[in-house]
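Here are some quick notes on the charged pairs in this one. Have a look at the model first, then read on.

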Amino acid sequence: MSDAELLLVFDSKVDRSGIDGWTQHFDSTGTTATTYRLGAVDVMVAQGPATRLPAPEDLPRPAHTVRASGGFRLGRRELVPSGTKVSIGSAVIGDGDIAVFAGPCAVENREQMLSTANAVAGHGAVGLRGGAFKPRTTPYSFQGLKWAGLELLAEAREETGLPILTEVVDPRHVDRMAEVTDAFQIGTRNMQNFSLLSEVGRTGMPVVLKRGFGCSVEELLTAGEYILAEGNDQLVLCERGIRTFEGSTRFTLDLSAVALLKRRTHVPVMVDPSHSLGVPELIEPLTLAAVAAGADALLIDVHVQPQQALCDGKQALLPADFGRIMGRLDSLALGLGRRLGIGPAADYSQIHDVLTGDVV
Ligand code: PEP
Ligand code: MN
């Protein structure tokens with residue numbers, strides 16, 4: 001059996017020559033060592049005989065060391081105990097505040113995108129969601145407006161000031177998309193598309209990685225390593241429901257995974273109750289439960305005319321219902337010693353109305 005890995009975490013007190021000294025030490029003792037940049041720290045992963053022996057006295061001390069085994073390394077909570085903060089434009093995920101991203105499942109047309117964007121912005125969302133490229137289960141369903149949809153998202157950002165999050169489905173699209181979007185979403189069907197993960201990882205831009213609906217928490221964590229191993233710590237993991245024997249909701253929202261991820265990784269956690277449940281009535285209770293379980297962020301489908309939606313209309317909330325959830329989240333946050341993040345375009349009179357019980 002091979003040795004467990006030793007992870008050495010170096011903070012800014014240790015410079016390049018110190019790290020090179022450790023690399024030479026490991027090289028000379030038949031031990032492999034690779035160093036990754038992770039936010040403000042360097043993490044050296046060493047495997048081999050020297051990890052069991054005392055290190056030479058003249059090498060600078062790491063801030064701490066962690067023994068690990070298996071493929072889950074750079075995401076381990078022990079490496080960044082306070083948690084990593086991910087910035088998507090003006091929105092921050094992982095700073096303790098509850099960050100809500102909302103918008104339509106798919107960008108359909110200018111009127112739909114702008115009116116939905118303005119509505120969620122008014123209710124205090126910190127970011128906009130919207131799919132321009134839609135990975136549909138059948139090729140005969142609406143596939144998204146593609147590059148034209150991305151332009152409409154950019155226009156919605158211009159109008160509301162909110163950053164945009166959109167799904168990338170093809171490694172060949174990454175560079176062109178990076179010029180417009182603020183963050184990449186990797187959908188459930190692509191969680192293990194490893195070349196796509198490495199490609200978005202290399203951009204250094206924020207990535208929201210959704211859990212495969214047939215994948216374990218461990219597989220989600222190791223998929224996330226593909227992005228972290230590119231030296232990109234701007235990663236968010238998203239629970240969006242898994243397939244179980246239970247057929248009364250679209251998927252089963254695995255809130256144990258949320259509580260578990262918060263303990264195992266420093267990477268912030270998002271929950272998408274919309275795609276998980278598939279019906280609007282259950283979004284509010286499960287949104288609140290997700291936050292109680294520790295979610296840092298939420299991804300919620302909102303549409304100004306759900307009956308007319310070209311994609312996932314059945315699960316989209318009307319703006320007023322979204323506004324009511326924002327009010328409930330605000331109250332819940334208070335009880336948990338947290339705050340609801342409020343976006344730059346929030347209309348405080350609407351939020352106030354919601355908090356005082358008047359549904360707008
Ligand atoms: C989406 O968020 O639009 C989406 C397609 O989600 P998922 O990949 O979770 O099905
Ligand atoms: Mn959808």
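Is R211 buried or exposed? R211 counts as buried, at 4% relative accessibility; buried means under 20% relative accessible area, exposed over 50%, and partly exposed in between (1.4 Å probe, protein chains only).

1. Ground rules. This is a predicted model, where local features need pLDDT of at least 70, side-chain atom pairs count only at pLDDT 80 or more, and totals for chains, interfaces and linings use all residues. Residues are numbered from 1 along each chain as its sequence is written, chains are lettered from A and ligands numbered from 1 in the order in which they are written, and side-chain values use heavy atoms, with hydrogens and water left out.

2. R211 and E239. These two form a salt bridge, with the closest N and O atoms 2.8 Å apart (a side-chain nitrogen of Lys or Arg within 4 Å of a carboxyl oxygen of Asp or Glu). R211 sits in the loop between β11 (207–210) and α6 (217–228) and E239 in strand β12 (residues 235–239), so the pair ties together parts 28 residues apart in sequence. Helices (H or I, at least four residues) and strands (E, at least two) are DSSP runs, numbered from the N terminus. E239 is buried too, at 1% relative accessibility.

3. The network. Salt bridges with shared partners link E284, D321, R324 and R328 into one network. The structure holds 20 salt bridges.

4. E199 and R202. Their side chains meet in a salt bridge at 2.9 Å, N to O. Both lie in helix α5 (residues 194–203), three residues apart, or about one turn of the helix. E199 is partly exposed, with 22% relative accessible area.
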